[in-house]
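Here is a short briefing for anyone meeting this structure for the first time. Take a look at the model, then read on for its cavities, a pocket and a sheet.

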Amino acid sequence: MKSTHVIDVCEGNLAMMDTASSLRLSELAPRVLQSEIRAMSVACDAMGGVNLAQGVCDTEVPAVVAEGAHKAIRDGLNIYTRLEGILRLRQAIAAQVARTHGIEVDPEREVLITSGATGAFQAACHALLNPGDEVVVFEPFYGYHLGMFKGMRIVPVPVALRYGTWELDLEAVRAAITPRTRAVVVNTPCNPSGKVFTRTELEAIGAIADEFDLFLFTDEIYEHFVYGNAKHVSPMELPGLRERTILMSGFSKTFSVTGWRIGYLIADAKWVGSIGYFHDLTYVCAPAPFQHGVADGVEQLPPSYYTGLARDHQEKRTMLVDALRDAGMTPHVPDGAYYILADASSIEGANAAAKARTLLKETGVGSVAGSAFFRPGGGEDLLRFCFAKKDADLVDACRRLRGRTR
Ligand SMILES: Cc1ncc(COP(=O)(O)O)c(C=O)c1O
């Protein structure tokens, strides 16, 4: 029997796939096979351009972290760790969150080392949410959060932040809550908007979570990337939110080791057991020698490492903001993370994906269509640029952008 299956190869492009049998993709299999971000990275690499599309963060790995992993491999620390991760790293993380946020956690029962923040997120969704549950996410959103929910038959309910200022609209949050709502996701500092939620905003979200008895999932992977007067506040440090907050973060960005897959989750002990169970089913443990390298970094790097990271990235932000302005693409200047959403209305193209391709062709600079971060119809006049790049590459990208034909 011949059946025809429709797949959406790359947002917006429909393709038909003929199969000779009744074999077919599952109901949950993605309609988007390759994310727009990856597609742009591939196109950019193919033409030898400068890729500001993906948040790959190719800056230097701190020597102590790299050497710690090398040493662990040489010392034979290459086998499975406990499913919770090595105790030394859990202790180092507990000490760090106590020092920086005043959050007291038990490293034995409340900290889980995960396969990146992504692994933490997946395991937490499995353990705490059911198919059909609704979860509030703020728009513009990080696509993985939505994809993860959809892949588990959980329903993401986007709530728009006020366009441009990215201020929280509390009435909109309340209006989005139904009897099926189980959680709110906060990503602070936020990819792609660079929004850093203020203490007041987090308190207001916390009050709503309390009123409607919701989990607060918080993705803080960019916690050390904050600029100017912005200050990173974790919802977990706010009074009364400890039990319902599931804090997820990691070292991909902080130590420039996106490929190592080391993240962590902090939550009340009553949730961590089940979350660890699901993490074990998929990942068994986070890569052992890299856990040791990261533990060396968390134990030994001084506070100045983290302030230096923010300072360096603030300089990179300034470089790219200036270049985008000069190129006629007014940027939304981010308070945190390392992306810039810029106005692409002057670029030719029917939608943001086409505009990103036009810019790539004109300048060799890869960016991401803003539509990747909004519901259908949104973000079509925006492009996202990543500035966590080596200075030489960023300088090259800025030169290319300024040379844009207009
Ligand atoms: C908001 C956000 N969360 C999580 C991740 C992925 O983190 P990890 O590499 O620790 O899985 C990213 C990477 O781009 C991100 O932007």
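The lining of the largest cavity divides into nine nonpolar, three polar and no charged residues. Here Ala, Val, Leu, Ile, Met, Phe, Trp, Tyr, Cys and Pro count as nonpolar, Asp, Glu, Lys and Arg as charged, and the others, Gly among them, as polar. This is a predicted model, in which local features need pLDDT of at least 70 and side-chain atom pairs count only at pLDDT 80 or more, while totals for chains, interfaces and linings use all residues. Residues are numbered from 1 along each chain as its sequence is written, and side-chain values use heavy atoms, with hydrogens and water left out.

**Cavities**

- On a 1 Å grid over the protein atoms alone, a cavity is a set of points where a 1.4 Å probe fits but cannot get out, and lining residues have an atom within 4 Å of a point.
- Two cavities of 30 Å³ or more are counted.
- The largest cavity has a volume of about 80 Å³, a volume being the space filled by probe spheres set on grid points joined across faces, edges and corners.
- Among the residues that line the largest cavity are Phe-138, Tyr-142, His-145 and Phe-197.
- Strand 7 gives the largest share of that lining, three residues; strands (E, at least two residues) and helices (H or I, at least four) are DSSP runs, numbered from the N terminus.
- The second largest cavity holds about 30 Å³ of space, and its lining includes Gln-96, Glu-223, His-224 and Tyr-306.
- By class, the lining of the second largest cavity has three nonpolar, four polar and one charged residues.

**The second largest pocket**

- A pocket is an open set of points with protein on both sides within 12 Å along at least five of seven lines.
- The second largest pocket has a volume of about 400 Å³.
- Of its 16 lining residues, Thr-100, Glu-223, His-224, Tyr-306 and Thr-307 lie nearest the centre.
- Domain 2 (34-60 + 305-402) and domain 3 (76-300) both give residues to the lining, so this pocket lies between them; the domain bounds come from an automatic or database assignment.

- Four strands form an open antiparallel sheet in the order 11-12-15-14, where two strands pair if DSSP finds at least two bridges between them.
- Strand 11 (331-332) and strand 14 (368-369) stand at the edges with a single partner strand each, so one side of each is left without a neighbour in the sheet.
- Strand 12 (residues 339-343) and strand 15 (residues 382-386) pair over five bridges, and Ile-340 stands opposite Phe-385 in strand 15.
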